[in-house]
Amino acid sequence: MNFWVHVISQLQQTLRISNEQLICEVQIKLLKDRAIVKELNKDEAQRLQIYVSILDSLNKNKPSEERAYRDWE
């Protein structure tokens, strides 16, 4: 098994999060870091909006203590 696949799998099991949530969290963090260095272009801003929307929809059905950590707000 690929090292990173194993690490991600272990992380998901430890944090008990879905693939979708993990992908959104990682992509939001990457886009946030990029925005600190330079302004996001239109495509990047649209992707950020999509990831935030997906993450919000995933969190709607969870109790507040299980919602995704949102340090990017």
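**Entry 1: confidence**

The chain averages 82, and 82% of the residues score at least 70. This is a predicted model, in which local features need pLDDT of at least 70 and side-chain atom pairs count only at 80 or more, while totals for chains, interfaces and linings use all residues. Residues are numbered from 1 along each chain as its sequence is written, and side-chain values use heavy atoms, without hydrogens and water.

**Entry 2: helices**

I counted 3 helices and 0 strands in the chain; helices (H or I, at least four residues) and strands (E, at least two) are DSSP runs, numbered from the N terminus. The order along the sequence is α-α-α.

I checked helix α1, residues 3-15: its 13 residues reach 18 Å from first C-alpha to last, close to the 18 Å expected. The expected span is 1.5 Å times one less than the number of residues. Arg 16 follows α1 and has a positive phi, near 55 degrees. For α2, the 19 residues should span 27 Å, and the end C-alpha atoms are 28 Å apart, which agrees.

**Entry 3: what is buried**

I found that buried residues make up 22% of the 73 residues in the chain. Buried means under 20% relative accessible area, exposed over 50%, and partly exposed in between (1.4 Å probe, protein chains only).

In α2 the buried residues are Gln 21, Leu 22, Cys 24, Glu 25, Ile 28 and Leu 31. Their cover includes α1 and α3.

The largest nonpolar core has 7 residues: Cys 24, Ile 28, Leu 31, Leu 40, Tyr 51, Val 52 and Leu 55. Two or more of these come from each of α2 (19-37) and α3 (42-59). Such a core is a set of buried Ala, Val, Leu, Ile, Met, Phe, Trp, Tyr and Cys residues joined through side-chain atoms within 4.5 Å.

**Entry 4: Ser 18**

I then turned to Ser 18, in the loop between α1 and α2. Ser 18 is partly exposed, with a relative accessible area of 29%. Leaving aside neighbours within four places in sequence, Ser 18 is in contact (heavy atoms within 4.5 Å) with Gln 12 and Leu 58. Leu 58 is 40 residues away along the chain, yet the two C-alpha atoms are separated by 9.3 Å. A polar atom of the Ser 18 side chain lies 3.1 Å from the backbone nitrogen of Gln 21.

Technical notes. pLDDT is the predictor's confidence in each residue, from 0 to 100. A polar contact is a pair of N or O atoms within 3.5 Å; within protein, one must be able to donate a hydrogen and the other to accept it, and residues adjacent in sequence count only if both atoms are side-chain atoms.
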